Amino acid sequence: MSSEELALKLQRRLDAEQHDPKPRSPVIPVQTEASEEPPVKPATMNGDATSELTEKLNRRLDIQDGTSKPKQMKVFNRYSEFKEFSRKQIKDMENMFKRFDSGKDGFIDLMELKLMMEKLGAPQTHLGLKNMIKEVDEDYDGKLSFREFLLIFRRAAAGELQEESGLMALARLSEIDVSTEGVLGARDFFEAKVQALSVRSKFEAEIREEQEERKRMELERKQRRAAFKELQSTFS
């Protein structure tokens, strides 16, 4: 385009603006619903899992600080959820749980667990007791519900507990032998278990004592035989 043509167009535009002095408002394009772009979700890599973990950790801190209450545990069917145990075993575990729930609030707290472990003959330190609760404390309330109590026995049966852990000691010493209870005539299975362990220890001690006695008698017999041979060789 030449400079003369450009100048002519500019002159015509000026003349048109002089005849129509009203300013024209700029045309704003209207976006329709169809033209609206959907919001873009932020790209995350393992974002959901990280957020869930963060939420759980924050909630646990809030519960420990007292700024939030623990969630109520859902009602569960002990027999359908813990099918690996017989109904009698679960009943025995429930009786055990209720016996040491001295507060009758449906939970075993730190001091009640301390008394239980002392009764079972496996006392724990304060830190050990806290670690025992922490290992199965699903709602982070610092105490054991009956469902969490049953989890101890489930994990013990599945081999998920360390041999030297307090929970393993609890599960091992709490095994109920109905026949033993009947023979010993104990008032409850705790006393029966303690008495059974005592009888077993006494029985093993007697066996060791008998073995030591036989060894001593055999040694004396050898010594007498050696002395007799020595005396016999003297006179021969």
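The talk below sets values against definitions.

Modeller: This is a predicted model, in which local features need pLDDT of at least 70, side-chain atom pairs count only at pLDDT 80 or more, and totals for chains, interfaces and linings use all residues. Residues are numbered from 1 along each chain as its sequence is written, and side-chain values use heavy atoms, with hydrogens and water left out.

Biologist: What pLDDT does the chain average?

Modeller: The chain averages 76, and 64% of the residues score at least 70, where pLDDT is the predictor's confidence in each residue, from 0 to 100. Over residues 40-45 the pLDDT stays under 50, and the model has zero contacts there beyond four places in sequence, a contact being heavy atoms within 4.5 Å.

Biologist: Why are Glu84 and Arg154 called a salt bridge?

Modeller: A salt bridge is a side-chain nitrogen of Lys or Arg within 4 Å of a carboxyl oxygen of Asp or Glu, and the closest N and O atoms of Glu84 and Arg154 are 2.6 Å apart, so the pair meets the definition. Glu84 lies in the loop between helix H3 (78-81) and H4, while Arg154 lies in helix H7, so the pair ties together parts that are 70 residues apart in sequence. Helices here are DSSP runs (H or I, at least four residues), numbered from the N terminus.

Biologist: What makes Arg147 buried but Glu138 partly exposed?

Modeller: Buried means under 20% relative accessible area, exposed means over 50%, and partly exposed lies in between (1.4 Å probe, protein chains only). Arg147 has a relative accessible area of 16%, so Arg147 is buried, whereas Glu138, at 39%, counts as partly exposed. Their side chains also meet in a salt bridge, at 2.6 Å from N to O.

Biologist: How do you know that Glu112 has no salt bridge?

Modeller: The nearest side chain of opposite charge to the buried Glu112 is Lys104, which is 8.3 Å away. The Glu112 side chain does make a polar contact with the side chain of Ser102, at 3.0 Å; such a contact is a pair of N or O atoms within 3.5 Å, and within protein one must be able to donate a hydrogen and the other to accept it, while residues adjacent in sequence count only if both atoms are side-chain atoms.

Biologist: Where in the model is Glu112 found?

Modeller: Glu112 is in helix H5, which covers residues 110-119.

Technical notes: Helix = DSSP H or I, 4+ residues; strand = E, 2+ residues; numbered from the N terminus. Lys, Arg positive; Asp, Glu negative; His and termini not counted.
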